[in-house]
Amino acid sequence: MIHAYNEQFLDIIQRKVSVMFELAVLEEHIEIDTFAKKFISSPVCHALENADPVYALGKSANELLALILGNEPLNIETSSYASPEYWVGWVLSDAQWHFNKPYATIIAAIPCSKILDHYFPYHEMDITHSMDLIAKYLKPVCPLKQIRQKRGISQTQLANLSNVPLRTIKAYEQGTVDIAKAQAETLYALAQTLNCSIEDLIK
């Protein structure tokens, strides 16, 4: 995967994003999801996604936070809490670089408050475990699952009604088998049962 910027800048950006989240919540008393919305709608966010040197290297976390909030910088550069909020910022910036997706996409898939809920035990683990967690939320939901749930049908009911094995349906929905490669008669049976088109199932 090609990343938006060189890994040598990752630690710098992680520290700045982490400090911003920590100061916003613990010093400015802004709820974490509220701050996340301010962050992703600011020019600072886009600049950090691309390691813009003016923002990533030329400004402190405190200055970046002030730009996002539209106020004067705090008199402190960072707090000494080593807080869960700091960890959220660290995970977010690592995920942004690791998956090469905008912060907005990551936060839409898993809000910061939900990342915060995983502080225990994930903060004690290697960062790769946190990336595995984020990956689960970023993984697109299978159209088959969406349509089935919208119809109010369980996997077992769908299997019985369509004569498609339950194990096969589970494999499609979990993404372990690509539904787009299913046999035509299987797709037809599922589509007929769910009252949708085959295209709806494989889009």
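Reader: Which helices are included in what covers the buried residues of helix 13?

Author: This is a predicted model, and in it the buried residues of helix 13 are Ile-169, Ala-171, Tyr-172 and Glu-173. The cover over these buried residues includes helix 11, helix 12 and helix 14.

Reader: Which residue with a positive phi follows helix 13?

Author: Helix 13 spans residues 166-174. The residue that follows helix 13 has a phi near 80°, and that residue is Gly-175.

Reader: On which side or sides of helix 11 do its buried residues lie?

Author: In helix 11, Pro-143, Leu-144, Ile-147 and Arg-148 are buried. Around the axis they cover an arc of only 130°, so they lie on the same side of helix 11.

Reader: Against which helices do the buried residues of helix 11 pack?

Author: Helix 11 runs over residues 143-151. Its buried residues pack against helix 12 (155-162), helix 13, helix 14 (184-194) and helix 15 (198-202).

Reader: How far apart are the closest N and O atoms of the salt bridge between Arg-148 and Glu-173?

Author: Arg-148 is in helix 11 and Glu-173 is in helix 13, 25 residues apart, so the pair links distant parts of the chain. Both residues are buried. In their salt bridge, the closest N and O atoms are separated by 2.6 Å.

Reader: How many salt bridges does the structure hold?

Author: One of them is the pair of Arg-148 and Glu-173. Another joins Arg-15 to Asp-11, with the closest N and O atoms 2.8 Å apart. The number of salt bridges in the structure is two.

Reader: By about how much of a helix are Arg-15 and Asp-11 separated?

Author: Arg-15 is partly exposed at 43% relative accessibility, and Asp-11 is partly exposed at 34%. The two are four residues apart in helix 1, so the separation is about one helical turn.

Reader: Ser-18 also interests me; with which residues is it in contact, leaving aside its neighbours within four places in sequence?

Author: Ser-18 is found in helix 1, which covers residues 10-26. Its relative accessible area is 0%, so Ser-18 is buried. Neighbours within four places in sequence aside, the contacts of Ser-18 are Glu-85, Tyr-86, Gly-89 and Trp-90.

Reader: Is Val-44 buried or exposed?

Author: Val-44 lies in helix 3, residues 43-49. Leaving aside neighbours within four places in sequence, Val-44 is in contact with Met-20, Phe-39, Tyr-55, Leu-64, Leu-67 and Ile-68. Its relative accessible area is 2%, and the cut-off for the class is under 20%, so Val-44 is buried.

Reader: How far apart in space are Val-44 and Tyr-122?

Author: In sequence, Val-44 and Tyr-122 are 78 residues apart. From C-alpha to C-alpha, their distance in space is 27 Å.

Reader: Which residues are the closest to the centre of the largest pocket?

Author: The largest pocket holds about 310 Å³ of space. It is lined by 16 residues, and the closest to its centre are Lys-139, Pro-140, Val-141, Cys-142 and Glu-173.

Reader: Which helix gives the largest share of the lining of the largest pocket?

Author: Helix 10 (127-138), helix 11 and helix 13 are the elements that give two or more residues to this lining. By type, the lining residues of the largest pocket divide into eight nonpolar, two polar and six charged. The largest share, three residues, comes from helix 13.

Reader: Which bond joins Phe-120 and Pro-121?

Author: Most peptide bonds are trans. Pro-121 is in helix 9, residues 119-122. Omega between Phe-120 and Pro-121 is about 5°, and the bond that joins them is a cis peptide bond.

Reader: What is the phi of Asn-100?

Author: Most residues other than glycine have a negative phi. Asn-100 is in the loop between helix 6 (84-99) and helix 7 (103-109), and it is partly exposed, with a relative accessible area of 32%. Its phi is positive, near 55°.

Reader: Is Asn-163 buried or exposed?

Author: Asn-163 lies in the loop between helix 12 and helix 13. Its phi is positive, about 65°, although Asn-163 is not a glycine. The relative accessible area of Asn-163 is 69% and the cut-off is over 50%, so Asn-163 is exposed.

Conventions
Residues numbered from 1 in each chain as written. Predicted model: local features only at pLDDT ≥ 70, side-chain atom pairs only at ≥ 80, totals over all residues. Heavy atoms only, no water. 1 Å grid on protein atoms, 1.4 Å probe; cavity = no way out; pocket = protein on both sides within 12 Å on 5 of 7 lines; lining within 4 Å. Points joined across faces, edges and corners; volume = space filled by probe spheres on them. Nonpolar A, V, L, I, M, F, W, Y, C, P; charged D, E, K, R; others polar. Buried < 20%, exposed > 50% of the residue type's maximum accessible area, 1.4 Å probe, protein only. Contact = heavy atoms within 4.5 Å. Arc of directions from axis to C-beta. Salt bridge = Lys/Arg side-chain N within 4 Å of Asp/Glu carboxyl O.
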